[in-house]
Amino acid sequence: MKKEADSMGLPNTAAFQDEFTRSLLDSPEEVEEGHYLFESKTLGYSMLWPKNAVTDGPPFYQRTKDSFEKIIFYDRNEKENYDYSFSTTYSTYGESAIDSSLGILSDSVRYDGEYKKIETNKTHIYFAMSEKVFKDSIAYFFFGYITSKENQKGLEYIFSAECLDNTKSNCNIDIKKEEKKALHYMKSVEFSTDE
């Protein structure tokens, strides 16, 4: 973390109040409302990080030099009654291994269906969604595999949304809103170009 951030008052957000999460973020300045920029230590990619999302150390954070990085992070709020979970896995296989990457992703979320291919200026996003009904709640999953058009870099991205307590009146997950949010996160992923 940049030294000047150590000396100034840190933002009163979960991400910067948590020591391990703070060590992953470069700057306490928000890059868009409610979000910091996470720049991977692999130097391979960057993405938005919600200001109230935190991660614990290993095994929730794993990195192998500059070719692999997995992060599981979450944003939970008991008062607002929501639980957002994120899981990202970076690798240097990209488009060349898209079929096996989608197979692994489908297995991990128990999905048996097609992916919609979305194109941005610099990436392809293979996107799908599903829901899981538990005994007393429903979790909505939005997931995708993002590949760079410029090199063999890829990022598996899984975002889930559910209420912490389904019996409370403020349990109101809006699927369309959450899908839009998930796609925004995926579209915000930027891969570095190989020098």
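Predicted model: local features only at pLDDT ≥ 70, side-chain atom pairs only at ≥ 80, totals over all residues.
**View 1. The largest pocket and the residues around its centre.**
Let's begin with the open space itself: the largest pocket holds about 500 Å³. Its lining is made up of 23 residues, and the ones closest to the centre are Tyr82, Tyr84, Lys177, Glu178 and Lys181. Two elements each give two or more residues to this lining, namely strand E5 (82-91) and helix H5 (175-187). Which element gives the most? That is H5, with 6 residues. If you sort the lining of the largest pocket by class, you will find 10 charged, 7 nonpolar and 6 polar residues.

**View 2. The second largest pocket and its lining.**
Here the space comes to about 190 Å³.

**View 3. Serine 106 and its contacts.**
You can find serine 106 in helix H4, which covers residues 98-109. Is serine 106 buried or exposed? It counts as buried, because its relative accessibility is 11% and the cut-off for buried is under 20%. Setting aside neighbours within four places in sequence, serine 106 is in contact with Tyr111 and Tyr115. With tyrosine 115, the side chain of serine 106 also makes a polar contact of 2.8 Å, side chain to side chain.

Methods: Residues numbered from 1 in each chain as written. Heavy atoms only, no water. 1 Å grid on protein atoms, 1.4 Å probe; cavity = no way out; pocket = protein on both sides within 12 Å on 5 of 7 lines; lining within 4 Å. Points joined across faces, edges and corners; volume = space filled by probe spheres on them. Helix = DSSP H or I, 4+ residues; strand = E, 2+ residues; numbered from the N terminus. Nonpolar A, V, L, I, M, F, W, Y, C, P; charged D, E, K, R; others polar. Buried < 20%, exposed > 50% of the residue type's maximum accessible area, 1.4 Å probe, protein only. Polar contact = N/O pair within 3.5 Å; in protein donor to acceptor, adjacent residues only side chain to side chain. Contact = heavy atoms within 4.5 Å.
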